[in-house]
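Take a look at the structure below.

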Amino acid sequence: MGEHSREHLSRKDSIWIQTGREGQELDAGSATGKSLGVFTSGGDSQGMNSAVRAVVRMGSFLGCKVYYIKEGYQGMVDGGDHIIEASWASSSGIMQKGGTVIGSARCADFRQREGRLKAAKNLIDKNITNLVVIGGDGSLTGANLFRQEWNSLLDELKATDRITDEQRKSCSSINIVGMVGSIDNDFCGTDMTIGTDSALHRIIESVDSISTTASSHQRAFVLEVMGRHCGYLALVAALATEADWVLIPECPPDKGWEKTLCKKLSAEREMGLRLNIVIIAEGAIDIEGNPITANMVKDLITNELKYDTRVTVLGHVQRGGKPTAFDRILGARMGAEAVLALMDAKPDTPACVVSLDGNQTVRVPLMECVERTKSVQEAMNKKNFQEAVRLRGKSFQNNLATYLRLSKLRPPKVMCDPTGQVCSSGKKLAVMNIGAPACGANAAVRSFVRFALTKGYTVLGIHDSFDGLLYGDMTQIVDPVKPIGWTDVHGWTCQGGSLLGTKKCTAARYGLDKVAEKLKEHDISGLLIIGGFEAYHSALQMTEARSKYDAFCIPMVVIPCTISNNVPGTDFSLGADTALNEIADICDRIKQSATGTKRRVFIVEVMGGYCGYLATMAGLAGGADAAYIYEDPFNITNLRDDVIHLKNKIIQLGVQRGLILRNENANANYTTDFIHQMFSEEGKGSFTCRKNVLGHMQQGGVPSPFDRNYGTKMASKAVDYMITKVEENTTEDGKIKSCTKDSAVLLGMCRRQLLFTPLEELREITDFEKRLPKQQWWLSLVRPLLRIMTKHSNETYRADAILTNVDLEDDDNA
């Protein structure tokens, strides 16, 4: 898999990973003379077009001649107009489209050797000896067989005089690199396949819509989602929608599940809830391997409970619609890395798949991943479901464990008062939001409350941040610091903003002595703070004041929650994914408005403070021509070059629109107004300009599936950690005395792990003036790619991050 150094891990439980070249320095035109083809095969998935676009543009940047192979393997066999040269302009305006613009088709001809002979002849005629395959494991397996047969195919073609000696020599080998496009996320070896996130969005939108009508009529709904062999969609959708029950093939219910299900739904109704949601994967089975269908579940609920029950089969709606920001970015990064992998390949290089590992694209052996994927089904066929879950990887295991804990456990009735509040021995955990509202905060609060209640703790909700804690009688909120019961947080997962209320403030601003006094007054044993940079800074201030105030000597956990993604100690903050989707959606509509006006450039200002994460990622997801940010200084020369680029793009290439993103604090002098006016003046005769400031729309209305799931799992881990620290630091008189570094932490996602990092350690890597981490992973990986995707050929492509080989089974994948 190329000449890069690598370390092979154990073949028994691991798939070895090779670090890709994402972020390393590249020379424009370094692969001049090479040709490659790109095609999509099998079922379509959202994000394929972004991958195709990236292949074309990275290939063009390196000097390759790139070909579209239309209609998948069928187009390869048929040849002719099905194999056409791609251009930079031909790949414009496709990444926001669903499906695949170059088509996909099942091909019986390619399964026969004669069909593969025709395909080889058609590729040789175009001098194509490098292939990018975007599809499922079947498509990738077919490509690998094609590569293995290549020499014998060429020998047969030469023997029958269908190719010349020169062609036989120049095309003596073919290299294959794959990307997995599958909404099921059923391929072992990658954290996420292209299209999965978009499919989850379609499912979540449907469940949210159904929930309103179900609640109105007190109905139960059984929703069937795709997943003939993999229950990932059903499982994550159940977590993200607070579903009452989920049925998936990898974890069939125990015998007698029918009674358990009915008892669960009945208990929900007795608690005053007006609807029930059951999500079922199309391949769901019972413990004996017998199919469980949506109609079977519907008949069970109707006959046993007499509930008005309906079935909804989502079907191909899940494949439809435009891709999410995540799938666009994933496709772009994978597509670029696929081209780099092909350029590194030698004649004897095994076929590989470009995969996602945490925040980095990597290369993994194609056939090893295919075999492992097949082994999941083999384990299920043998009714070894525990092994099947293990083989799915840590992400699947963690999702399943979280669902089982959160959705199926209930506080023991003997420990509950009539309101559902757990009667405890007096220990109280508190939760509050600090900072600007961001989607995912409510999901985290719900998860924290319910997990803590099952452990026998009282949970206090602090409304309106420090305002509620200190000045409760002035906030017009009844009891701003009060216990939260089990049913109080029902339905919170799907709601945006902050239902607890939040303020952009820090503890020191209110007076640490006053905050300590109130924490002591409410006898709080542990504190969870969910919020942005102010939340992190407040917790750090309280930690540093522990020597003065005993009230701060309690376990404190911070969950980063801000659309700006500017909190140190984590790669991703809650809320940023939802914000990116909002920005990408708005930019799509803005660009669409240029369809009728023609030759128009839009200058769009996005939030983020001094952090350019939103501008950069939204620029990659939205196909922006540039994204100006504080961390990557720019000057008048850069602005001039971008004007020239836009003129060339619009006049010479015929692309009728342009998009420029600017982070709100990118530069004090080059303001959004200045850039708009400059581009308007310099673009006269070539294009007109319009300006848009997106404002608070970016905070989003409804949390994305990622933010719902992320918040739920983060809070789950926070509860366990906090309670452990409470119990470890309880004195004989029942007081909490916790002053160690590891009792005041921030819970963040670092690469593939959820890690608790002491706040005192994060101080050293924080720029408090600009409210930024001193190191940000995306700067070195994504910024250069953004420039290449917009054809800035004079840009280099480099990164400082180095990823070591990782054992997929040892990481705690969030």
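## Cavities

What volume does the largest cavity have? In this predicted model, the largest cavity has a volume of about 660 Å³. The lining is made by 34 residues, and those closest to the centre are M192, F326, L356, F572 and F706. Several helices give two or more residues to this lining, among them α6 (196-217), α10 (325-344) and α24 (705-728).

By class, 20 lining residues are nonpolar, 7 are polar and 7 are charged. The count of cavities of 30 Å³ or more comes to 6.

## Helices α1 and α10

Helix α10 also meets helix α1 (residues 48-62). The two axes come within 7 Å and cross at roughly 40°. That angle is why α1 counts as oblique to α10. The crossing is right-handed.

On the α1 side, the residues in contact are S50, A51, A54, V55, M58, G59 and L62. On the α10 side, they include D327, R328, G331 and A332. The residues of this contact divide into 10 nonpolar, 4 polar and 2 charged.

## Helices α8 and α9

At what angle do the axes of α8 and α9 cross? Helix α8 (residues 257-270) and helix α9 (residues 294-305) cross at roughly 65°, and their axes come within 10 Å. This crossing is right-handed.

Helix α8 brings W257, E258, L261, C262, L265 and S266 to the contact. Helix α9 brings V297, L300, I301, E304 and L305. By class, the contact has 8 nonpolar residues, 1 polar and 2 charged.

Definitions and conventions:
Residues numbered from 1 in each chain as written. Predicted model: local features only at pLDDT ≥ 70, side-chain atom pairs only at ≥ 80, totals over all residues. Heavy atoms only, no water. 1 Å grid on protein atoms, 1.4 Å probe; cavity = no way out; pocket = protein on both sides within 12 Å on 5 of 7 lines; lining within 4 Å. Points joined across faces, edges and corners; volume = space filled by probe spheres on them. Helix = DSSP H or I, 4+ residues; strand = E, 2+ residues; numbered from the N terminus. Nonpolar A, V, L, I, M, F, W, Y, C, P; charged D, E, K, R; others polar. Axes fitted to C-alpha atoms, helices over the stretch in contact; angles between N-to-C directions. Left-handed = near helix turned anticlockwise from the far one by under 90°. Contact = heavy atoms within 4.5 Å. Parallel < 35°, antiparallel > 145°, perpendicular 65-115°, else oblique.
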